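Let's take a friendly walk through the places where chains meet in this structure. Have the sequence and the 3D view ready as you read.

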Amino acid sequence: MKDKSEEILSVDNLKLYYPESAGLFKSSNTIKAVDDVSFKLINGETLGIVGESGSGKSSICRLILSLVVKTSGKISWFGNDLDGYTKKEMKDFRKKVQIIFQDPYGSLDPRMTIGSIIKEPLDIFNGQLSKQEKEEKIFQLMNDVGLSNDLFNRYPHELSGGQCQRVGIARALINEPSVLICDEPVSALDLSIQAQILDLLNDLKSKYNLTLIFVSHDLSVIKAICDKVLVLKHGIIIENRNTDDLFNNPKDDYTKKLISSVPSPIPLAK
Amino acid sequence: MNKQENIKAIEISKTLKGRSLWVDARRRLFLNKAAVISLFTLIIISIVSVFGPFFLQYNFSDTDWGSIYQPPSFETGHYLGTDGNGRDLLVRILHGGRLSLSIGLIATFVSVFIGVLYGTIAGFFGGKLDIFMMRIVEILYAMPYLIFVIILMVVFGRNIYFLFIAIGAVEWLTMARIVRGQTISLKEKEFIETSKALGQSNTLIIVKHIIPNLAGPIIVYITLMVPSVIILESFLSFLGLGVQEPLTSWGVLISEGSREMETAWWLLIFPGSFMVITLASLNFIGDGLRDAIDPKEY
Amino acid sequence: MQSIQKNIKNSDLLLEVNNLNVFFDTADGKIQAVKDVNLFINKGECLGIVGESGSGKTQTFFSITGLLSSNGYCNGSAIFKDFDLISASEDKKREYLGKSIGFIFQDPMTSLTPHMKIGEQLSEIATFHDNLSKSEALKRALNVLDIVKLPKSRNLINSYPHELSGGMKQRIMIAISLMCSPELIIADEPTTALDVTTQSEILNIFNDLQKGMGISIVLISHNIGVIAETSDRVMVMKGGKVVEKGSTFDVLTSPKDEYTKHLLSCIPPWLEG
């Protein structure tokens, strides 16, 4: 058993700036999508990142996965700076850190069957497995995420949004990663499906010993699933605290405003 | 459930087939009457062009000096009449069809091959490479293609295979642009990002994810490109740059026919009809495919 | 119960929908999206429609306002002040739509024409329905901007949609629907694409419209919190059918239908405290 307080991933002074295209004769401004962000991810926790649109929360996910090139700062994996990684080490890192996206249909290739979508990561990292071993693993995963076997040869457009999101989760988990980044995983789903996916993520978290980074604009979802929360505004972290602390006594005015803006489902007596 | 039963259940579920986007597209295509009739017509024209000449009593280069400029008649066996050299028009149209259709297909294939490769690379990698590659395309665009083809013909001689390549080399530019644009919008999609995050290699991302998703627009464009290539060949033949006698193509036949249309109307009407029917069919199929592959209503 | 209520407050009745069915012709055959829906809206009241995707909540109101896509058709009646919107001709319907009935869509980013200035988009509808001159229409536009809590500035009137934020665009959409002093506003997921802080500002505007100006509002949403904060009565839809309706307080605090109970149980628990 690993040390519970072990630090898996640390992000130091991460910045992502890019010039705003301001037209031919205007001076260009710099947009600070992510500005001097630092945080640590501890083994086994669920870290929530909450913020409104344009706060840079999705950019942070993409920066961690090196899908976009950072302006400056340091991302470390078990204390080792990712910048110093060789191609092979980078590939190992990618195997260990996986992502699921918001749009359940957009994140699946429409021309591929569910089976081959889930299989893709196995082909990349576990090419030595036989066809049958791979298939066994795929069916195992489909079972774990609650997809019935007969969806194996189906195509994404034949599935519901919730089922597609489950396919995305199965693909992310098939190589047994240690970190799963969830970028607004339930925002596009209906309320009852949201609850199912959140339950599933919680179950899989303990089953696969996952550490989660959970990005959402929805405070109720964050509250339901996260241990710690970063509140982001315009690329800057304004609070980084335990979930209960944050919701029970928010310090920053912006956090207070966010929390009080959530409409309550309990109607006033009229 | 024990292991045996489990494997059995899995085998059964693997036999259940999904309904891919292609199957959907095919079903919608076959609901489109104009496209189905056109497809049927095109298949018949192709089969007749390829096999027809074997069943006719005349050869395409045989001259029959006894029957010059003979109008269509069933008694002589010249069903569509003869030309100024007494050659049977029907067999020449079918031979011309072979040539026109194969130029259409081969030149299109060449241009699709170059265009798709070029466009996906430029679009996928982006940045400076993209700018550099697309400037080359623009420079080539700016060159009058006719001069380009003429130069190719002069340098390499009037060889029919060079005609294929020359046309293909001109037509790929548009294909490359279309493919590049589509690639750029595709690579923003989350499933491409997921593949990148998985550590999939760029080559495999292009082969496995980009090109299959481009297939729709490419196929539609092919059906529109084949007619334009056939017309281009006709135009070059009309100028005397195309195929040489006694070989013939629809373009050559039409250009000859137009010179004689006052005395021998059949020399223009019949080759012209074959070409118009073929081009119209291809266009209807293209329209049908576009609606089938990229439906807005559903 | 509905009919009794109707008789008592007959003068208050604004829109009454009876036996509404909506169908779509698809490649897989005829699909019924809305099944025998009955509803009514009184003057100055806010009716919330709750349902998940595919519940028919949007199509119900698309059919009433003639916005169904070309392969859709409907039957039944929708009486808006003695006028049946469903059997009416297109021309006749147009006299009501945009004038007495405003419609607000989910996505403010695509609801505005990108090449027209905000001022033009606001005044267009008033010059069309009320035959106002351009300057009169602009004057009215400035007043309307005040209602939706946007600055009455020339600057805003002269800007283009892409220069505004999502929340501002949605306010402009509300402003457009207010230009011809409507009696009913149908808002289809008006805050779903917006941030929470913006959402609460927009909901406040809806409250002002209803309480302050007496405009009836139909609020379609999947978010039960939004419905709870704004509506007087609520209707829960599933699979094209109405499964439960009643006062918002009764339905949300003591639901009768299994589906409503299930929906409410899916709300993360902390918010109830």
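## Where the chains meet

Between them, chain A and chain B bury about 3,000 Å², with 55% of it on carbon and sulfur atoms; buried area is the accessible area (1.4 Å probe) that two parts lose on being put together, summed over both. A:Arg111, A:Glu120 and A:Asn153 supply 22% of the area that chain A buries against chain B, more than any other three residues.

Before going on, a word on the model. It is a predicted one, where local features need pLDDT of at least 70, side-chain atom pairs count only at pLDDT 80 or more, and totals for chains, interfaces and linings use all residues. Residues are numbered from 1 along each chain as its sequence is written, chains are lettered from A and ligands numbered from 1 in the order in which they are written, and side-chain values use heavy atoms, with hydrogens and water left out.

The table sets two interfaces side by side.

| Interface | Residues in contact (heavy atoms within 4.5 Å) |
|---|---|
| Chain A and chain B | 33 residues of chain A, 27 residues of chain B |
| Chain C and chain A | 29 residues of chain C, 23 residues of chain A |

Which residue of chain A forms a salt bridge with B:Glu193? The partner is A:Arg62, and the closest N and O atoms are 2.8 Å apart. A salt bridge here is a side-chain nitrogen of Lys or Arg within 4 Å of a carboxyl oxygen of Asp or Glu. The rule finds 1 salt bridge across the interface of chain A and chain B. By class, the side of chain A that touches chain B has 13 nonpolar, 7 polar and 13 charged residues; Ala, Val, Leu, Ile, Met, Phe, Trp, Tyr, Cys and Pro count as nonpolar, Asp, Glu, Lys and Arg as charged, and the others, Gly among them, as polar.

Now turn to chain C and chain A. The area buried between them is about 2,500 Å², of which carbon and sulfur atoms give 65%. Across this interface the rule finds 0 salt bridges. On the side of chain C that touches chain A, the residues divide into 12 nonpolar, 11 polar and 6 charged.

How confident is the predictor? Chain C has a mean pLDDT of 86, and 94% of its residues reach 70 or more; pLDDT is the predictor's confidence in each residue, from 0 to 100. Over residues 1-8 of chain C, however, pLDDT stays under 50. Where pLDDT is low, the predicted coordinates should not be read in detail. For the complex, the predictor gives an ipTM of 0.80 and a pTM of 0.81.
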